[in-house]
Amino acid sequence: MSQTNRRWIFAKPPEGRIGPDTFRLEIAPLPVPGPGEVLVRTLLLSLDAANRAWMMGKTYRAALQVGGVMDGFAIGEVVASNSPDFAVGDRVEGSLGWQLFACLPASALTKRRADVAPELLVGALSVTGLTAYFGLLEVGRPKPGETVLVSAAAGAVGTMVGQIAKLAGCRVVGTARGADKGEWLVRELGFDAVVDYTQPGLRRALAAACPRGIDVFFDNTGGPVLDAALTLMNVRGRVACCGNVSQYNVDKPGPGPMAVPGLVVVKRLRLEGFIVMDFFDRREAAEAQIAEWVAAGKVKAVMDTLDGLERAPEALIRLLDGGNRGKVAVRM
Ligand SMILES: NC(=O)c1ccc[n+]([C@@H]2O[C@H](COP(=O)([O-])OP(=O)(O)OC[C@H]3O[C@@H](n4cnc5c(N)ncnc54)[C@H](OP(=O)(O)O)[C@@H]3O)[C@@H](O)[C@H]2O)c1
């Protein structure tokens, strides 16, 4: 085993968009686990839009510390353990960070099955898939025949939401940047229509794609898509507020929709934010259901994987620029 660790440091808080200088690659000695600690070798690092939101201050977790190892969820393998709960060779998940090796207290790790592909453990069967599952089914509560709109539809969460909404018997419309992504979502993932939100006439295009209005809006982006979607919501529509990626990679977030009170009151809308961890007491059953769908070919777990720790900053920059299709991960 290598005696050195390589890790990305969160070097410089961004002003506006993140760039290569946001991070610094560092070589450090291999950490030695203390009492109750476990040394984990990273196998597959998850890149998430939320990584950028953590740089903006406190969110559902503490803000990132400048000079610290860049945080990130990952799947790893135990290489040394001072805890009775973990043995060498165990597959684990946790906030391992952007590094080859992480030393963490056993309580910060969750054991995963070693016979399941790391790609599934990082995406469909973890935060990404569970966010789509619980956010859509528990917060959005779609009924067969209803229209579901999902923003950032070609991304990690969005691709899962669209496919689960189809299984729920809904008309599924997405928003994504560029005609290519739209064609791909319709052809490969069964979306009924996709609107390119970067083109002029967004509201008109959404209205044409949702001729019976919108019953459930799974919102990953906020911004102009939320603005336009609110005007097309049906009475007693539900907005599952999952994220706000249009406002993460900017210096100052733009103003929110001005007409919210009128729209929300008159249409009796329910806008409900959620954090996936709220539902983790039911994680096992949800994972089993998603695994069954994936095994039966009913849901495609779309991966967008890059090779090498060195590429982690590039992977996050690309994700925020919309260069990804599906779940972005970096294989060590
Ligand atoms: N609530 C929770 O518990 C929870 C858990 C996980 C994730 N999330 C949220 O879920 C959302 C998706 O996250 P993800 O990790 O799956 O990322 P992702 O969707 O794979 O990637 C982000 C996508 O955002 C889109 N985007 C970038 N800039 C945009 C802009 N200005 N306006 C509209 N869209 C823009 C890009 O696609 P296009 O270029 O095609 O638009 C890009 O592919 C994020 O808001 C994240 O915070 C929430």
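**Ground rules.** I number residues from 1 along each chain as its sequence is written. As the model is predicted, local features need pLDDT of at least 70 and side-chain atom pairs count only at pLDDT 80 or more, while totals for chains, interfaces and linings use all residues.

**Domains.** I looked up the division of the protein chain and found domain 1 (4-120 + 303-331) and domain 2 (127-277), with bounds from an automatic or database domain assignment. Their C-alpha centres lie 29 Å apart. I find 17 residues of domain 1 in contact with 16 residues of domain 2 (C-beta atoms, placed from the backbone, within 7 Å). On the side of domain 1 that touches domain 2, helix 1 gives the largest share, three residues. That side divides into eight nonpolar, four polar and five charged residues (Ala, Val, Leu, Ile, Met, Phe, Trp, Tyr, Cys and Pro are nonpolar, Asp, Glu, Lys and Arg charged, the others, Gly among them, polar).

**Ligand.** I list 31 residues around the ligand, with Gly-155, Ala-156, Arg-177, Gly-243 and Gly-322 the closest (C-beta, placed from the backbone, within 6 Å of the molecule). Helix 1 (49-53), helix 3 (127-140), helix 4 (156-167) and helix 10 (312-320) each give two or more residues to this shell (helices are DSSP runs of H or I, at least four residues, and strands runs of E, at least two, numbered from the N terminus). By class I note 16 nonpolar, twelve polar and three charged residues.

**Gly-34.** I place Gly-34 in the loop between strand 2 (23-29) and strand 3 (37-46). Gly-34 counts as exposed because it has 9 C-beta neighbours inside 10 Å (exposed is 12 or fewer, buried 20 or more, partly exposed in between, with C-beta atoms placed from the backbone).

Note on methods. Two residues are in contact if their C-beta atoms, placed from the backbone, lie within 7 Å.
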